[in-house]
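Reader: Before I use any of the labels on this model, I would like to know what each one rests on. Please set every value against its definition.

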Amino acid sequence: MEFYNVGKIVNTHGIRGEVRVMPTTDFVDERFAAGQDLYLKRDGDPLKLTVESARQHKGFILVKFVGYDNINDVQAFRDHELMVSGEDQEPLEDGQYYYHQIIGLVVKTVDGDELGKIKEILSPGANDVWVVQRTGKQDLLLPVIDDVVKDVDLNAGVVTVELMEGLE
């Protein structure tokens with residue numbers, strides 16, 4: 001089974017078994033809804049946890065898991081990633097992609113020149129930026145805007161771009 005990160009437990013909260021989670025998902029309300037199954041990343045098999053309740057608190061999500069009613073039960077969860085199974089991922093609208101679908105794609109220009117592979121995605125503000133690893137050159141930073149990204153073909157593993165002046 002494939003798993004994808006949706007947050008990181010950064011600390012415990014109070015004495016009743018709540019944990020403080022830094023979310024790394026665009027679907028916070030869905031991922032941390034009561035009854036949702038999440039998996040704790042650890043050595044060996046992931047631990048399946050069911051959300052009992054969750055609430056926003058100072059930029060974090062405070063999450064309580066079913067059956068974990070005491071701070072001592074959740075202390076070991078600190079600094080571990082929370083994941084969702086690939087089967088539980090939300091379907092996206094056309095033109096939207098999960099990071100794991102984009103990272104590793106080959107980037108080509110509209111003229112057919114291969115630039116490299118996407119190695120990382122940055123989210124600095126208004127739009128994402130794809131970091132393209134190039135052979136023998138510095139990484140290329142591509143803003144994810146319609147003027148630059150012309151086509152994303154997941155089946156072929158290729159992104160077609162038109163480089164604007166100043167990008168290279």
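**Labels and their grounds**

Author: Gly112 has a positive phi near 95° in the hairpin of β7 and β8, where four residues lie between the strands. The model is predicted: local features need pLDDT of at least 70 and side-chain atom pairs pLDDT 80 or more, while totals for chains, interfaces and linings use all residues. Residues are numbered from 1 along each chain as its sequence is written, and side-chain values use heavy atoms, without hydrogens or water.

Reader: What makes β7 and β8 a pair?

Author: Strands are DSSP runs of E, at least two residues, and helices runs of H or I, at least four, numbered from the N terminus. Pairing requires at least two bridges found by DSSP. β7 (residues 106-109) and β8 (residues 114-122) have three, in the antiparallel sense, so they pair. Val106 is placed opposite Lys117 of β8. β7 also runs parallel to β12 (residues 158-161), with four bridges, and there Val107 has Val159 as its bridge partner.

Reader: Why is Thr12 called buried?

Author: Its relative accessible area is 13%, and buried means under 20% (exposed is over 50%, partly exposed in between; 1.4 Å probe, protein chains only). Thr12 is therefore buried. This residue belongs to strand β1. Setting aside neighbours within four places in sequence, Thr12 is in contact (heavy atoms within 4.5 Å) with Glu18, Val19, Arg20, Ile71, Val74 and Gln75.

Reader: What makes a set of residues a nonpolar core?

Author: Its members are buried Ala, Val, Leu, Ile, Met, Phe, Trp, Tyr or Cys, joined through side-chain atoms within 4.5 Å. The largest such core has 19 residues, and Ile9, Val21, Phe32, Val63, Phe65, Phe77 and Leu82 have the most contacts inside it. At least two residues of this core come from each of β1, β2 (18-23), β3 (37-40), β4 (47-57), β5 (60-65) and β6 (81-85). Another core, of 15 residues, lies apart from it and includes Val107, Ile121, Trp130 and Val159. Beyond its neighbours within four places in sequence, the contacts of Phe65 include Ile9, Leu38, Phe77 and Leu82.

Reader: How do you know which residues are nonpolar, polar or charged in the lining of the largest pocket?

Author: Ala, Val, Leu, Ile, Met, Phe, Trp, Tyr, Cys and Pro count as nonpolar, Asp, Glu, Lys and Arg as charged, and the others, Gly among them, as polar. The lining divides into 15 nonpolar, eight polar and four charged residues. Its largest share, four residues, comes from β1.
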